Amino acid sequence: MRIYKDIITGDEMFSDTYRVKLIDEVIYEVTGKLVTRHQDDIKIDGFNPSAEEADEGTDSNVQSGVDIVLNHRLVETYAFGDKKSYTLYLKDYMKKLVAKLEEKAPDQVDVFKTNTNKVMKDILGRFKELQFFTGESMDCDGMVAMMEYRDIDGASVPVMMFFKHGLEEEKF
């Protein structure tokens, strides 16, 4: 299994357990699904609660959301109220990535600059449909992943987008 972490914050962003597609050598599109989890769904072999411990009508803890967000503890951010504020963040973030690439993979700098501009122009055209997520540290200096719902086979499916060059791969 591979875990993909933000190279700036070290936050875990996603793993290869989902369907992952690389777009124009710069954006990973990761397809998730909506899930609902109940805290009391945990079953342990040999555990038999006594009558005193039976449910007394308390509410169970239910967690609903996109599996990628829940599994990797991503946090939705509302820092970008409009396209202009996101564009300012993006320019700053791209400078940080280019500096990292010049150190570690100088041959990727031109690919990154050229293809990112093309891909982001398309994505920014759908800005109003996007949701934004940071890693667990909630540090907006690092990667802010994007998510949109797409109609796939008649169903609304969450697709998250991550910058390939802003991630490091960790094998387990």
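A residue is called buried here when its relative accessible area is under 20%, exposed when that area is over 50%, and partly exposed in between (1.4 Å probe, protein chains only). On that scale, 39% of the 172 residues of the protein chain come out as buried. The structure is a predicted model, in which local features need pLDDT of at least 70 and side-chain atom pairs count only at pLDDT 80 or more, while totals for chains, interfaces and linings use all residues. Residues are numbered from 1 along each chain as its sequence is written, and side-chain values use heavy atoms, with hydrogens and water left out.

As for the overall layout, the protein chain holds three helices and 11 strands; helices (H or I, at least four residues) and strands (E, at least two) are DSSP runs, numbered from the N terminus. Followed along the sequence, the pattern reads β-β-β-β-β-β-α-β-α-α-β-β-β-β. Contact means heavy atoms within 4.5 Å, and of the contacts between residues at least 6 apart in sequence, 66% link residues at least 24 apart.

Now to the sheet. Strands pair through backbone hydrogen bonds, either parallel or antiparallel. Here, two strands are taken to pair if DSSP finds at least two bridges between them. Three strands make up an open sheet, ordered E2-E1-E11, with antiparallel pairing. The edges belong to strand E2 (12-15) and strand E11 (167-171); each has a single partner strand, so one side of each lacks a neighbour in the sheet. From one strand to the next, the twist averages 30 degrees.

Strand E1 (residues 2-6) pairs with E2 over three bridges and with E11 over five bridges. On the E2 side, Ile3 sits opposite Ser15 and Lys5 sits opposite Glu12. On the E11 side, Arg2 faces Lys171. Four of the five residues of E1 are buried, so this strand is largely enclosed by the rest of the structure. E1 and E2 also make a hairpin with five residues between them, and Gly10 in the turn has a positive phi of about 80 degrees.

Next come the helices. Two packed helices are described by the angle between their axes and the distance between the axes. Axes are lines fitted to C-alpha atoms, for helices over the stretch in contact, and angles run from 0 to 180 degrees between N-to-C directions. Helix H2 (residues 83-104) and helix H3 (residues 109-124) have axes that come within 11 Å and cross at roughly 165 degrees. The pair is therefore roughly antiparallel, a label that applies to angles over 145 degrees. Residues of H2 that meet H3 include Tyr86, Leu90, Met94, Leu97 and Leu101, and among their counterparts in H3 are Val109, Phe112, Met120 and Leu124. Sorted by class, this contact has 10 nonpolar, two polar and three charged residues; Ala, Val, Leu, Ile, Met, Phe, Trp, Tyr, Cys and Pro count as nonpolar, Asp, Glu, Lys and Arg as charged, and the others, Gly among them, as polar.

Most residues other than glycine have a negative phi. Arg73 is not a glycine, yet has a positive phi of about 55 degrees. Arg73 lies in the loop between helix H1 (67-71) and strand E7 (75-77) and, at 40% relative accessibility, counts as partly exposed. Asp153 also has a positive phi, near 55 degrees, in a residue other than glycine. Asp153 is placed in the loop between strand E9 (145-152) and strand E10 (155-163) and is exposed, with a relative accessible area of 81%.

Methods: Angles under 35 degrees count as roughly parallel, over 145 as roughly antiparallel, 65 to 115 as roughly perpendicular and the rest as oblique.
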